[in-house]
Amino acid sequence: MADGGGPVIGVLGSYGGRNLGDEAILTALLADVRARRPDARILVFSRNPAHTTLAHPGVEAVVWEGISRADTTETLARMDLLLLGGGGILYDSEARRYLRLVVAAQDRGLPVFTYAVGAGPLTEGIDCTMARDTIAAAAEVTVRDEESKLLLEEAGVMRDVTVTADPALMLEPEEFGSGLLRAEGVPGGRRLVGISVREPGRAAERLDVGGYHRLLAQVSDFLVHRLDASVLFVPMERDDIRHAHGVLSHMTSSEQGRILHGDYQPRQLLGLMRHFDLAVGMRLHFLIFAALAGVPLLPLPYAGKVFDFAQRVGAPALRGVEREVEGPLLAEVDRLWDERTARVADMTGRVAWLRDRAWNTGKLLDPLLAGL
């Protein structure tokens with residue numbers, strides 16, 4: 001033990017940025033580790049330690065970006081194990097930022113476990129080299145999807161890599177009452193469709209903002225009339241609100257559109273999903289939540305991780321959001337609604353299998369935890 005008592009376990013990922021997908025990963029990871037090692041003290045490397053300690057009671061959070069090597073060394077000296085992940089952090093120009101801390105940990109002899117990490121795109125030399133070297137020296141390597149395994153192998157990783165699943169699949173919902181929907185201005189008496197949009201950014205650089213806003217407006221209008229529905233945009237991070245407004249501005253039926261504005265936690269958003277009759281979305285964890293809730297869903301893949309998840313749950317995975325192709329998207333939405341009962345039945349079995357894969361990450365971690 002680093003300083004007496006239970007072991008100190010560090011968790012390094014994209015935390016503290018107020019992205020609800022990343023927060024869902026952290027919520028599930030913390031619950032898994034605590035269930036397996038209740039005496040552990042958990043230290044989270046965060047962009048915003050104050051937010052992390054408020055959102056995740058019982059953890060210690062430290063800032064790690066922009067601090068000196070001496071401060072990093074002092075923090076690592078307190079730890080018995082470093083968990084890298086989960087989530088998509090090993091990608092060009094960003095991977096090196098996380099892996100510098102991993103290198104420092106390994107230089108101290110600290111065991112490193114990659115916890116259902118996501119990778120890609122991963123092509124830049126420095127990122128590939130650091131990933132190859134650090135992952136080769138990890139105690140155990142788990143990734144959340146097949147694409148991440150393939151990309152690590154292409155980067156030169158020459159060791160066993162186990163594919164599990166995204167940690168958020170382990171979450172259980174909290175109640176999201178109808179009163180909360182009314183407070184958000186969502187009208188009653190109509191079907192409700194959940195929609196997820198995102199900003200272009202580095203993860204979706206090919207998106208043309210105006211084009212995809214118009215395309216999703218057409219899809220939303222179609223759903224309003226086809227299903228006699230209202231649509232609710234669910235922001236997974238703050239900038240999604242602006243893009244939801246962009247879609248609404250192109251809708252002819254914008255009076256039937258609402259944007260979720262409350263400050264909710266991941267388990268609450270998972271509880272919200274039970275109110276949806278259909279889900280159409282871009283954000284991975286919005287789609288994960290919909291699948292967990294048994295909601296028929298149409299992913300709009302902007303990246304490999306979304307396409308991989310769509311395949312794993314048997315959902316259609318059209319890339320029309322990048323190509324501004326209206327016809328195939330509307331036809332697929334129509335087909336999804338007509339076939340929703342059969343599709344949900346198929347998806348339910350697939351999601352159960354994925355949840356087992358997600359739990360397997362912790363099972364692989366057990367031997368390390370037992371030795372601390």
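A polar contact is a pair of N or O atoms within 3.5 Å, where, within protein, one must be able to donate a hydrogen and the other to accept it. In this predicted model, the side chains of T52 and S46 form such a contact at 2.6 Å. T52 belongs to helix 2 and is buried, its relative accessible area being 0%.

Helix 2 (49–55) also takes part in a pocket: together with helix 1 (20–36), each supplying at least two residues, it contributes to the lining of the second largest pocket. The space in this pocket comes to about 390 Å³. Its lining has 18 residues, and those closest to the centre are R18, L20, R238, G262 and D263. Sorted by class, the lining holds eight nonpolar, five polar and five charged residues.

Most residues other than glycine have a negative phi, and most peptide bonds are trans. R18 is not a glycine, yet its phi is positive, about 65 degrees. With a relative accessibility of 41%, R18 is partly exposed, because that value falls between the limits of 20% and 50%.

A116 also has a positive phi without being a glycine, near 50 degrees. A116 is part of strand 5. Its relative accessibility is 0%, so A116 counts as buried.

Two peptide bonds are cis. One runs from G85 to G86, with omega near -5 degrees, and G86 is in strand 4 (residues 81–90). Another runs from G120 to P121, also with omega near -5 degrees; P121 is in the loop between strand 5 (112–119) and helix 5 (125–136).

Strand 9 (residues 229–233) pairs with strand 10 in the parallel sense over three bridges. Here F233 stands opposite I259 of strand 10.

Helix 11 (residues 284–292) is largely enclosed by the rest of the structure, because eight of its nine residues are buried. The buried residues are L284, H285, F286, L287, I288, F289, A290 and A291. Just after helix 11 comes G294, whose phi is positive at about 75 degrees.

Methods: Residues are numbered from 1 along each chain as its sequence is written. This is a predicted model: local features need pLDDT of at least 70, side-chain atom pairs count only at pLDDT 80 or more; totals for chains, interfaces and linings use all residues. Side-chain values use heavy atoms; hydrogens and water are left out. Two strands pair if DSSP finds at least two bridges between them. Helices (H or I, at least four residues) and strands (E, at least two) are DSSP runs, numbered from the N terminus. On a 1 Å grid over the protein atoms alone, a cavity is a set of points where a 1.4 Å probe fits but cannot get out, and a pocket is an open set with protein on both sides within 12 Å along at least five of seven lines; lining residues have an atom within 4 Å of a point. Grid points are joined across faces, edges and corners, and a volume is the space filled by probe spheres set on the points. Ala, Val, Leu, Ile, Met, Phe, Trp, Tyr, Cys and Pro count as nonpolar, Asp, Glu, Lys and Arg as charged, and the others, Gly among them, as polar. Buried means under 20% relative accessible area, exposed over 50%, partly exposed in between (1.4 Å probe, protein chains only).
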